[in-house]
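Open your viewer and get ready to click along. We will take one stop at a time, and each stop tells you what to select and what is there.

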Amino acid sequence: MASDTSPGNGHTRLEPPLDAAWEALALRFSVSPRHLAEPGPTLAQWLAAAELAARAPDHRALRPFRFVVVGDHQRAELAERFAQGATARGLPPTEVQAARDRALNGPGLAALVVQASAVLDEVPVHEHWICAGAALMNLLNGLHLMGFGAKTLSGSSVSDPAVAEAFCREGEQLVAWVIAGTPRHAAHARRGNDSPVLGLWRPPGPESAGG
Ligand SMILES: Cc1cc2nc3c(=O)[nH]c(=O)nc-3n(C[C@H](O)[C@H](O)[C@H](O)COP(=O)(O)O)c2cc1C
């Protein structure tokens, strides 16, 4: 294990521009759609971020995820599908309208679609999810490094058949939306979870309960 790190700056061996990238990544926080303004990412910028997403660890290169960008001219059609789903769920007209409006939230929109069924015994489904999660993280980081704010949102729309069937092929699942745009102000950290993200293994023994 490397030991030439100092407290509070565990990456002292990095040189610019990697050091700048580290600092930038450490400052990625989600930005709510209401704090996002035009412009959103262009298709080329979505593609650049998706190419970073494709660097996710992917056992047997199954590529169990893909992103689907919804064009500006397609948002109205998506909104009608959100409304259709809300109607099918028996929601009252005001909530149907709120569902319709949610599809129009934020300047840019992409769907995260995951192939969530095992196709090889060697690669269990949980590895598909891990790969897709890593891909999502890299997509968000890519958008962030280009100066965009973004937030991942799911909600009931992702399980509405009227919406999901418009994005998914057989065996796929519509997991979430990535909403992206230009942050109106710098994103800031929210109160997080203080549980440790790293520990040292203590093998189970007479003095340890394991873990
Ligand atoms: C797949 C997925 C779906 C999510 N869906 C929602 C959601 O519907 N509503 C919500 O408030 N946050 C949702 N989140 C969490 C936010 O995207 C975000 O991570 C959270 O607000 C914490 O912000 P941070 O990214 O700055 O830590 C979701 C996250 C993931 C990974």
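The 14 residues of α3 should span 20 Å at 1.5 Å a residue, and its end C-alpha atoms are 20 Å apart, which agrees. That expected span is 1.5 Å times one less than the number of residues in the helix. You are looking at a predicted model, in which local features need pLDDT of at least 70, side-chain atom pairs count only at pLDDT 80 or more, and totals for chains, interfaces and linings use all residues. Residues are numbered from 1 along each chain as its sequence is written.

Stay on α3 and colour L78, R81, F82, A83, G85 and A86, its buried residues. Buried means that 20 or more other C-beta atoms, placed from the backbone, lie within 10 Å of the residue's own. What do they pack against? The buried residues of α3 pack against β2, α4 (93-102) and α6 (161-164). Just after α3, click G90, which takes a positive phi of about 80°.

Next, select β3, residues 108-115. Eight of its eight residues are buried, so β3 is largely enclosed by the rest of the structure. In a regular strand the side chains alternate between the two faces of the sheet. On one side of β3 find G108, A110, L112 and V114, and on the other L109, A111, V113 and Q115; both faces are covered.

Strand β2 (residues 65-70) runs antiparallel to β3 and is joined to it by six bridges; look for V69 opposite A110. β5 also pairs with β3 in the antiparallel sense, over eight bridges, and there V113 has L174 as its bridge partner.

Of its 34 residues, L112, L139, A150 and V178 touch the most other members. Its largest share, seven residues, comes from α5.

Terms used
Buried ≥ 20, exposed ≤ 12 C-beta atoms within 10 Å, placed from the backbone. Helix = DSSP H or I, 4+ residues; strand = E, 2+ residues; numbered from the N terminus. Pairing = 2+ DSSP bridges. Core = buried A, V, L, I, M, F, W, Y, C linked by C-beta atoms within 7 Å. Contact = placed C-beta atoms within 7 Å.
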